[in-house]
Amino acid sequence: MAVNFMSICGERQTVLITCRDKEKDNVMTIDWHMPSSFEPELYAIAIGKQRFSCNIIRNSRVFVVNFMPFSLKDKVLFCGRHSGRFTDKFKEAKLTKEEAEKIDCPRIKEAIAYLECEVVNEFETGDHIIFIGKVLKSELKKKEKRIFHISGDEFVTTQN
């Protein structure tokens, strides 16, 4: 029986990526991300080529990975269901914007942790671009249950 390979992959931690171009700050929801090196500290994110944030990150060469608590799953889902081309997701999702310290980019105050990243490489992989970011600043602000995506509008969290 043929199935979509993503249905086999299981739950994936969902994060919000923030980015900035000259006219607009944006938030996007992604599940495809991972650490890719200890030394130097590198983090990889995969973004569909057609996504609004893809060109923003390509031009600005920076992004922030915002690790979100399960309690904000509705805001995370909103950001994943609306395009930043037409919507101010910070405003509509009622997320608090704060300035990153090491890069020209917003981050999300409600995040339980974040990584401020500068793009050092990118790879085209079919319909996605994988951006490799050097982590310039990271912080775990509080330990809280994180959000994991199952499929569609379904999310779960960790036990602790």
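This is a predicted model: local features need pLDDT of at least 70, side-chain atom pairs count only at pLDDT 80 or more; totals for chains, interfaces and linings use all residues.
Colleague: Is Asn 26 buried or exposed?

Modeller: Buried. Its relative accessible area is 2%, and buried means under 20%.

Colleague: What does the side chain of Asn 26 make a polar contact with?

Modeller: The side chain of Ser 53, at 2.8 Å.

Colleague: OK, Ser 53 then. Where is its place?

Modeller: Ser 53 sits in helix 2. Ser 53 counts as buried because its relative accessibility is 2%.

Colleague: What is Ser 53 in contact with, leaving aside neighbours within four places in sequence?

Modeller: Cys 19, Asn 26 and Met 28.

Colleague: How many residues apart in sequence are Ser 53 and Ile 17?

Modeller: 36 residues. In space they are 8.7 Å apart, C-alpha to C-alpha.

Colleague: New topic. Which residues touch the most other members of the largest nonpolar core?

Modeller: Ile 17, Ile 45, Ile 57, Phe 63, Val 65 and Phe 131. That core has 23 residues. Another core, of 12 residues, lies apart from it; Ala 93, Leu 95, Ala 111 and Ile 147 are among them.

Colleague: Take Ile 45. What does Ile 45 touch, not counting residues up to four places away in sequence?

Modeller: Its contacts include Ile 17, Ile 57, Phe 63, Val 65 and Phe 131. Trp 32 and His 33 are also among them.

Colleague: How many residues of strand 5 are buried?

Modeller: 7 of its 7. In a regular strand, side chains alternate between the two faces of the sheet. In strand 5 both faces are covered. Leu 42, Ala 44, Ala 46 and Gly 48 are on one side. Tyr 43, Ile 45 and Ile 47 are on the other.

Colleague: How many bridges join strand 5 to strand 10?

Modeller: 7, and the two strands run antiparallel. Ile 45 has Phe 131 as its bridge partner in strand 10.

Colleague: What about strand 4? In which sense do strand 4 and strand 5 pair?

Modeller: Antiparallel, over 4 bridges. They form a hairpin, with 4 residues between them. Ser 37 has Leu 42 of strand 5 as its bridge partner.

Note on methods
Residues are numbered from 1 along each chain as its sequence is written. Side-chain values use heavy atoms; hydrogens and water are left out. A nonpolar core is a set of buried Ala, Val, Leu, Ile, Met, Phe, Trp, Tyr and Cys residues joined through side-chain atoms within 4.5 Å. Buried means under 20% relative accessible area, exposed over 50%, partly exposed in between (1.4 Å probe, protein chains only). Contact means heavy atoms within 4.5 Å. Two strands pair if DSSP finds at least two bridges between them. A polar contact is a pair of N or O atoms within 3.5 Å; within protein, one must be able to donate a hydrogen and the other to accept it, and residues adjacent in sequence count only if both atoms are side-chain atoms.
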